[in-house]
Amino acid sequence: MDTQQTKDIYTEEFLMNMGPQHPSTHGVLSLELKLDGEFIRECTPHIGYLHRSMEKIAENRTYTQFIPFTDRLDYVASMNNNLAYVMAVEKLLNLELPERAKYIRIIVAELNRVASHLVAVGTFAQDLGAFATPLFYCFREREKIIDIFDQICGNRLTYNYIRIGGVQFDLPAGVDEKVKEFVKYMRPKVDDYDRLLTYNTIFLARSKDIGVLPREMAINYSVTGPSLRGSGVKWDLRKDEPYLAYDKFEFDVPVGENGDAWDRYKVRVEEMRQSLRIVEQAINTLPEGDPTVRVGRVIKPPPSEVYCRTENPRGELGFYVVSDGSVYPYRLKIRSPSFSNLAVVPELVKGLKVADIVCVLGSFDIVLGEIDR
Amino acid sequence: MRPDEISGIIRTKFPQVTEEAGTNHLIAAKESLLEVAQYLRNPPLALDNLHCITAIDRKEKMELVYTLYSIVERHGVTLKVCLTPQDLNVASLAALWKSANWLEREVYDLFGITFSGHPDLRRILNPYDWKGYPLRKDYSDPQLIAKPRL
């Protein structure tokens with residue numbers, strides 16, 4: 001390291017470890033920072049503290065047995081993980097789903113997206129120093145979604161609800177009213193966040209023009225989800241490669257302008273509104289019928305390989321599944337959005353202050369469970 | 001562009017690129033990977049997003065799978081490279097797509113495939129002093145739980 005000796009004071013670069021135990025890393029992430037005073041010269045992330053070898057486990061479990069493991073990837077949006085995995089297996093099986101199953105899946109996935117974005121917005125505000133209040137507000141709303149999920153499938157965090165060939169249970173009686181009520185309740189709350197946080201002077205000062213991610217860099221690093229849209233790229237799989245029945249619903253794809261932390265936050269808030277729109281349309285036009293198609297207890301897909309990606313709250317979650325005709329997947333690769341999104345962070349934080357790392361990390365809304373897998 | 005159109009364009013430019021039976025995945029020779037990748041990166045195909053890199057251990061060979069998409073043109077290609085177990089080395093694409101950096105590190109960590117020209121080839125998910133490559137089919141560990149009986 002360079003040491004500059006002046007008369008009686010000297011300065012030098014020094015290494016600082018941020019994490020693995022640090023509240024703002026949203027899990028166990030370790031950042032090795034090379035600092036010059038308060039400014040970051042270099043940032044090296046060390047990941048893998050939560051590595052549970054999911055991909056190896058998958059090779060030793062049947063296709064159905066692996067569904068609960070996907071809950072533990074991105075544990076803030078378990079429904080969406082179930083969906084992505086199950087859709088990959090269904091693509092292997094060439095399975096056509098009943099309309100009702102598609103609609104129920106969209107409803108739970110979009111509700112989970114709102115819940116996930118609520119966590120993202122709440123913790124982002126908390127990271128920036130808006131201590132407790134926004135987080136409590138967001139978790140108050142999230143609780144209502146979890147109540148609905150509790151009623152639908154009996155779990156509050158790891159749902160294991162979406163199954164190969166449909167869903168675990170049909171929606172119980174009374175849930176549709178509850179969902180409609182929630183949409184009505186939630187809309188003004190999102191406006192509240194705008195008034196409380198989005199245009200708050202301190203919030204703007206902390207997040208505007210911090211961690212600017214240019215459009216080309218975002219694509220080059222394969223950044224996806226709200227972080228990509230924050231950089232002004234209008235790309236949403238639900239719109240561009242519609243799966244399930246997303247092409248039947250009206251919704252907009254919000255994009256940012258500058259690609260800074262504030263834009264990424266703003267895209268999330270706007271996406272909550274759009275998700276509510278989708279939920280409302282889906283619950284009002286929910287088709288009748290059986291939401292499952294019989295697949296049998298032993299699932300043996302023909303030998304082939306598929307790659308299937310869906311739009312998760314954090315970006316594009318992809319499953320590359322290789323089948324050799326047996327009951328176990330021959331190989332299962334999980335392409336997690338947070339993994340690629342985190343890879344761009346070292347580039348963005350160069351030259352920023354230590355406090356801004358927290359802002360940049362928070363704006364990417366990473367979940368270490370799916371980075372380490 | 002449709003998959004068969006893309007495949008046609010690539011195969012007229014590179015006659016040695018073949019198409020995998022049953023899927024529309026393209027197979028490139030290990031030596032020409034960098035050249036093919038360079039071509040895919042730029043217009044007319046403009047595959048600007050290297051979405052996913054993974055490997056499949058087929059015992060007699062190792063398959064590397066590159067999943068590429070284009071945000072501008074809205075199409076995608078899956079490119080494969082087959083390696084023999086004796087020579088698990090291939091050119092790194094990190095200079096073309098920045099996302100390859102971490103994705104290749106992951107493949108190196110779990111399969112032991114080395115990427116020449118990679119800026120920082122270290123383990124990423126496992127501890128730096130880990131022995132062996134866990135996702136290879138011949139990997140064994142006393143703590144590994146056997147397949148459940150059905």
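Two residues are in contact if their C-beta atoms, placed from the backbone, lie within 7 Å. Helices (H or I, at least four residues) and strands (E, at least two) are DSSP runs, numbered from the N terminus.

This is a predicted model, in which local features need pLDDT of at least 70 and side-chain atom pairs count only at pLDDT 80 or more, while totals for chains, interfaces and linings use all residues. Residues are numbered from 1 along each chain as its sequence is written, with chains lettered from A and ligands numbered from 1 in the order in which they are written.

**Stop 1: helix 6 of chain A**

Select residues 175-198 of chain A, which make up helix 6. Now colour A:Val179, A:Phe182, A:Met186, A:Tyr193 and A:Leu197, the buried residues of this helix (buried: 20 or more other C-beta atoms within 10 Å of a residue's own). Show their neighbours too: these buried residues pack against helix 4 (99-127), helix 5 (133-153), helix 7 (201-207) and helix 11 (261-284) of chain A.

**Stop 2: the sheet of chain B**

Over in chain B, 5 strands form an open sheet in the order 1-2-5-4-3, with mixed pairing (strands pair if DSSP finds at least two bridges between them). Its edge strands are strand 1 (18-19) and strand 3 of chain B. Zoom in on B:Thr18, which stands opposite B:Ile27 in strand 2 of chain B.

**Stop 3: where the chains meet**

Finally, display both chains: 27 residues of chain B are in contact with 29 residues of chain A. On the chain B side, strand 3 (49-57), strand 4 (62-70) and helix 3 (100-111) each give two or more residues. Strand 3 of chain B brings the largest share, 6 residues.

Methods. Expected span 1.5 Å × (residues − 1). Buried ≥ 20, exposed ≤ 12 C-beta atoms within 10 Å, placed from the backbone.
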